[in-house]
Every structure is written in structure tokens, then in C-alpha cells.
Number of protein chains: 2
Amino acid sequence: MTRMTAADRRSALVLAALRVVADRGVAQATTRAIVAEAGMSLASFHYAFASRDELMTELIRHVMRAESTAVLPDPADAPADGQAPTGPTGPAALRLLLRHGLGRYAEHLRQDPLREKAMLELTQYALRSVEMQPLAREQYDGYHALAALALTSAAEQSGSVWLRPVDEVARLLVALTDGLTIAWLVDRDDPATEALLDTIADAVAALGRPA
Amino acid sequence: MTRMTAADRRSALVLAALRVVADRGVAQATTRAIVAEAGMSLASFHYAFASRDELMTELIRHVMRAESTAVLPDPADAPADGQAPTGPTGPAALRLLLRHGLGRYAEHLRQDPLREKAMLELTQYALRSVEMQPLAREQYDGYHALAALALTSAAEQSGSVWLRPVDEVARLLVALTDGLTIAWLVDRDDPATEALLDTIADAVAALGRPA
DNA sequence: GTCTATAAAGTGATAGAC
DNA sequence: GTCTATCACTTTATAGAC
């Protein structure tokens, strides 16, 4: 019917696949379900992709890129590199910065739970395939680097230093977000999650001290 | 061929299904794969279970029961209820108790990574089904209760009290184990995981103080 | 009770008309 | 390039012989 470039068709199929995975899960993301969501014929799928696995690989690559930017703090909120702290400093300030960042993630999770559920499923899916496992690894390397950046920025902004290497605190932070995501997806307990965010902020802030 | 009671056959199929899920994933745990693993015919499956979903429900129920006991500390290590601390006390003792318990979990994970991968997959699977979702919720309620018990015991043993409600610290601990499990399954980075355990012990111990 | 054989539906992928 | 029609295979589940 409609003429599209192969690249446009691939990207449309990837986006449709993401919606299907989010709504119904990886197992139900069949080629037929995906082309129906994209409004294409089955043959168009195989014109754009050699196989379902090729699409899944591209899908995983796509969500990993998108996720990294989605969790990034608004650049307007961050001070320029190497600048001196502008607001209040000390342990309480560090704790507040952490609490604020965590709250933003929780809000993101509540607003689009299917998306985070899909991310977890896609990670598991990648872990089952030798070809895709490196993608999962790259993704988590990216998360760790991103968390390290955010933690360094928070320390600078609050005039603090970390008592442990920032990479280790970053791994802790990533583990915490994964864990709180699963916990919330399982019981959807908002008050418990808010309390958890407070507890996390306390615990992580205890790993810093005034510079 | 061999005569078995229906209950025996069901339990044999559940155990076979767990092996298949661990080795090849939930998606590959077809009825055929499961009966092959159990050394039965396909018809025997449907004699014992009405459907594949009925088996999966029973499998999830089974692993949840088993997991709770697997992570429990050796009763020989724990002092009797309400007893006064016997060893060293104070923040360092609390941190050491936490680090020890975390180390035991990490060892469990390293020794049987497929099992923990299967647990995560089964949780996701349960979250996709309205009938099985309550099972996931029960499982995590159980985890939280178990973690609260372990944390209370650690505080008693080290003569400490928690600065936050123990249920909140418990939720933190469960989130951390889930998160570190995913991180390790993704990159299998043992040194980073050991460092993470140290960092976790520091951060969580900071939530306690001497009684 | 346990088997073999098969039904019924779904899957990824392709052929061939246009 | 895009479609319909179909192939070859796998899936869950059942029928019916023994």
C-alpha cells in the first residue's frame, strides 16, 4: 500500500514491537501481532527484517538508547562542570538531591509501568541469547556510567565527597532502582515505595561526607 | 509404563519443569520439553495436569516455597529469641553481620545462577497473568517478612536498633538483592559484586545505631 | 493408567502475482 | 515494493487402543 523507505519501515516495526511487548509481553510479541500493531502485512515484515530475531535485537538496542536518555536529569537542573556548589551544602543537601532524583525515577515508573516491565523482560530475553547478551551488558554499563555521573554531580552540588569509589556507589544505585522497580510492579504499594525512597536516600547519603 | 500416584507424577513434572526453565527459559518450557525431561509421554502430562498453565501455577507456588527456605540463615547461627547479644556489639558488629548474610546470598547466587535467573523469569511470567499475579505478591510479602526477621535478629545480636521501621529496611534489603542479582547475571563481575556487598553493608548499617 | 496417533490452532518464513 | 496465499513446523490438548 503505502511506500516507505526500508529504514522507516524498520523503525515503525520496532516501535510497534515495543508497544506489543509492553502490553502483552515478549512471548506474545509474534510477528503477526507486531505487523497488526503497525498496520502492515506479514510480508512487509520480512521485507524489512530478515527474521524476528533481527527485529528483537534492534528493539533491544533501541530501548537501551531511549532508556538512558529518559532517566537523565534535566540539563537545566545541573550546574556547569566543575562549578562550586550554588545551593545549600552538607549531608542534608546531599540526601535531598538523592531523594529528588529517586522521586523522579519513581514518578517515571508510575507513569509508564508497562515500559519498565518491558525493559526487565527484554533484559531477561537478552540474557537467554548468546548474540544479545552483549547488548544487556552494554546497557548496564551505560546505566552504571549514568549513575556515576549523577552521583558525582550530586556530590559536587552539595559540597560532598563519596566515602567509596563512585563506581561502587553507582552500582548500588542501579541495583536499587532495579529492585524497587520489581517490588513496585509486584505489589504497586505506593506508600511503601515512598518510604523506601526515603530509606534509600538515607542509606546512600550515609556513604558521603562534607568535602 | 511405570505406575505412579497422580501426586507423585505432578511433583515429578514440576521438578522437571523447573530444570527446563532454569536451563532454557520459560518460553522454551513447552509441555514436550518438560515430559522429555521427566521421561514421560505427552499424554501423561495431561493426565496429571489439566493444562500447561496449571503446571506453571504449581511451579511458581513450588519455587516460592523453596526459595524462602533456601535463603534462611542456618538456625544454628542464630541465638534464641529475646536473648542478649553474645558476641561483639556496636555499628561494626552490625555491619559485619549484614556483610556476612549478603555474602551468603551472593555465594548461593554464584553456585546456582540458573536458579535465580529462573526465579526472576517466573516472577515476570506471573506478572503477566491475572491468575498468577497474587502468587508473585505473596512471594514478595514472604521475602519482606523474611528480611525483616533477619534484620531484627542482626540488630539484636549486635545490640543495635534501626533508625527506620524495620519493614522499610526490609524492603530496601529485598530490592538490593534483586538488583544485585540482575547486575551479576548481566555482567558476572565478581570483584564489582564483592565491592557492592561491602558498599551495601556500609549503607544499610548506617541505618542502625547502638541501642 | 499409559500409550500412540492426531486434531486444531498458531508460529516464522517464503513464493509468486501484481 | 507490497500484497495474498501457503508451506513447513511447533504448540497444546484430546481420542481411542490397550
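How many residues does the contact take from chain A and from chain B? The contact, meaning heavy atoms within 4.5 Å, takes 45 residues from chain A and 45 residues from chain B. This is a predicted model, in which local features need pLDDT of at least 70 and side-chain atom pairs count only at pLDDT 80 or more, whereas totals for chains, interfaces and linings use all residues. Residues are numbered from 1 along each chain as its sequence is written, chains are lettered from A and ligands numbered from 1 in the order in which they are written, and side-chain values use heavy atoms, with hydrogens and water left out.

**Chain A as a whole**

- The secondary structure of chain A comes to nine helices and two strands, where helices (H or I, at least four residues) and strands (E, at least two) are DSSP runs numbered from the N terminus.
- Along the sequence, chain A follows the pattern α-α-α-α-α-α-α-β-α-α-β, and its C-alpha atoms fill a box of roughly 65 × 35 × 30 Å along the principal axes.
- Of the 211 residues of chain A, 48% count as buried, with buried meaning under 20% relative accessible area, exposed over 50%, and partly exposed in between (1.4 Å probe, protein chains only).
- Among the contacts in chain A with a separation of 6 or more, 73% come from residues 24 or more positions apart.

**The interface of chain A and chain B**

- Chain A and chain B bury about 3,900 Å² between them, and 60% of this area is on carbon and sulfur atoms; buried area is the accessible area (1.4 Å probe) that two parts lose on being put together, summed over both.
- A:Arg128, A:Arg171 and A:Val186 supply 21% of the area that chain A buries against chain B, more than any other three residues.
- The rule finds six salt bridges across this interface, a salt bridge being a side-chain nitrogen of Lys or Arg within 4 Å of a carboxyl oxygen of Asp or Glu.
- Across the interface there are also 17 residue pairs in polar contact, both at pLDDT 80 or more; a polar contact is a pair of N or O atoms within 3.5 Å, and within protein one must be able to donate a hydrogen and the other to accept it, while residues adjacent in sequence count only if both atoms are side-chain atoms.
- On the side of chain A that touches chain B, the elements giving two or more residues are helix H1 (6–24), helix H6 (113–127), helix H7 (133–157), H8 and H9 of chain A, and the largest share, 14 residues, comes from H8(A).

**Salt bridges**

- Over all chains, the count comes to 28 salt bridges.
- A:Arg99 and A:Glu194 meet in a salt bridge through their side chains (2.8 Å, N to O); because A:Arg99 lies in helix H5 (residues 91–111) and A:Glu194 in helix H9 of chain A, the pair ties together parts that are 95 residues apart in sequence.
- A:Arg99 is buried at a relative accessible area of 16%, whereas A:Glu194, at 29%, is partly exposed.
- B:Asp202 forms a salt bridge with A:Arg164, with the closest N and O atoms 3.0 Å apart, and this pair crosses between chains, from helix H9 of chain B to the loop between strand S1 (160–162) and H8 of chain A.
- B:Glu58 forms a salt bridge with B:Arg10, the closest N and O atoms being 3.1 Å apart; B:Glu58 lies in helix H4 (residues 52–71) and B:Arg10 in helix H1 of chain B, so the pair ties together parts that are 48 residues apart in sequence.

**Helix H9 of chain B**

- The 16 residues of helix H9 (residues 190–205) of chain B should span 22 Å at 1.5 Å a residue, and its end C-alpha atoms are 22 Å apart, which agrees; the expected span is 1.5 Å times one less than the number of residues.
- The buried residues of H9(B) include B:Leu196, B:Leu197, B:Ile200 and B:Val204, and what covers the buried residues of this helix includes helix H8 (166–187) and helix H9 (190–205) of chain A.
- At the start of H9(B), a side-chain oxygen of B:Asp189 reaches to within 3.0 Å of the backbone nitrogen of B:Ala192.

**The loop residue B:Met40**

- B:Met40 lies in the loop between helix H2 (31–38) and helix H3 (42–48) of chain B, and it counts as buried at 15% relative accessibility.
- Not counting residues up to four places away in sequence, B:Met40 touches B:Met4, B:Arg9, B:Ala12, B:Leu13 and B:Val35.
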